[in-house]
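The entries follow the order in which I worked.

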Amino acid sequence: MEEIGAGFRKELVSKLLHLHFKDDKTKVSGDALQLMAELLKIFVVEAAIRSVRQAQAEDLAQVGVEQLEKVLPQLLLDF
């Protein structure tokens, strides 16, 4: 099945993960990178959806950083 929309490149995900590893020799498999990229994509989409719903609840025509800040605590707890 072909993916629709944008995603995260494996190189970016690898770089992000390696920035937080304590041991520089830690390796990540291709499957793990693909899984992490999919998780990041789901997280970003969910954040956008929740921000839109928050803006709608506030009767706003545009989503701003304030709406993201309001939904972020619960989003982080859910993930």
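**Entry 1: the model.** I note at the outset that this is a predicted model.

**Entry 2: salt bridges in total.** I asked how many salt bridges a search of the whole structure finds. The search returned four.

**Entry 3: R9 and E11.** I looked up the partner of R9 and found a salt bridge with E11, in which the closest N and O atoms are 3.6 Å apart. I then checked accessibility: R9 and E11 are both exposed.

**Entry 4: R50 and E46.** I recorded a salt bridge between the side chains of R50 and E46, with an N to O distance of 2.8 Å.

E46 has a relative accessibility of 24% and so counts as partly exposed.

E46 and R50 are linked with D78 in a network of salt bridges.

**Entry 5: E58 and K70.** I found a salt bridge between E58 and K70, with the closest N and O atoms 2.7 Å apart. This pair links distant parts of the chain, 12 residues apart: E58 is in the loop between α2 and α3, whereas K70 is in helix α3 (65-78). For E58 I noted a relative accessible area of 27%, which means that this residue is partly exposed.

**Entry 6: packing of α1 and α2.** I looked up how the two helices are placed. The axes of α1 and α2 come within 9 Å and cross at roughly 95°. Angles of 65 to 115 degrees count as roughly perpendicular, and α1 and α2 are therefore roughly perpendicular to each other. I listed the residues that make the contact: K10, V13, S14 and L17 from α1, and G30, L33, Q34, M36, A37 and L40 from α2.

**Entry 7: a nonpolar patch.** Which residues make the nonpolar surface patch of about 270 Å²? I recorded L12, L16 and L19. I followed up L12, which lies in helix α1, residues 10-19.

Notes
Residues are numbered from 1 along each chain as its sequence is written. This is a predicted model: local features need pLDDT of at least 70, side-chain atom pairs count only at pLDDT 80 or more; totals for chains, interfaces and linings use all residues. Side-chain values use heavy atoms; hydrogens and water are left out. Patches are made of residues with over 30% relative accessible area and no salt bridge: like charges are joined within 9 Å, nonpolar side chains (Val, Leu, Ile, Met, Phe, Trp, Tyr) within 5 Å. Accessible areas come from the Shrake-Rupley method with a 1.4 Å probe; for residues, only the protein chains shown count as cover. Helices (H or I, at least four residues) and strands (E, at least two) are DSSP runs, numbered from the N terminus. Buried means under 20% relative accessible area, exposed over 50%, partly exposed in between (1.4 Å probe, protein chains only). Axes are lines fitted to C-alpha atoms, for helices over the stretch in contact, and angles run from 0 to 180 degrees between N-to-C directions. Angles under 35 degrees count as roughly parallel, over 145 as roughly antiparallel, 65 to 115 as roughly perpendicular and the rest as oblique. Contact means heavy atoms within 4.5 Å.
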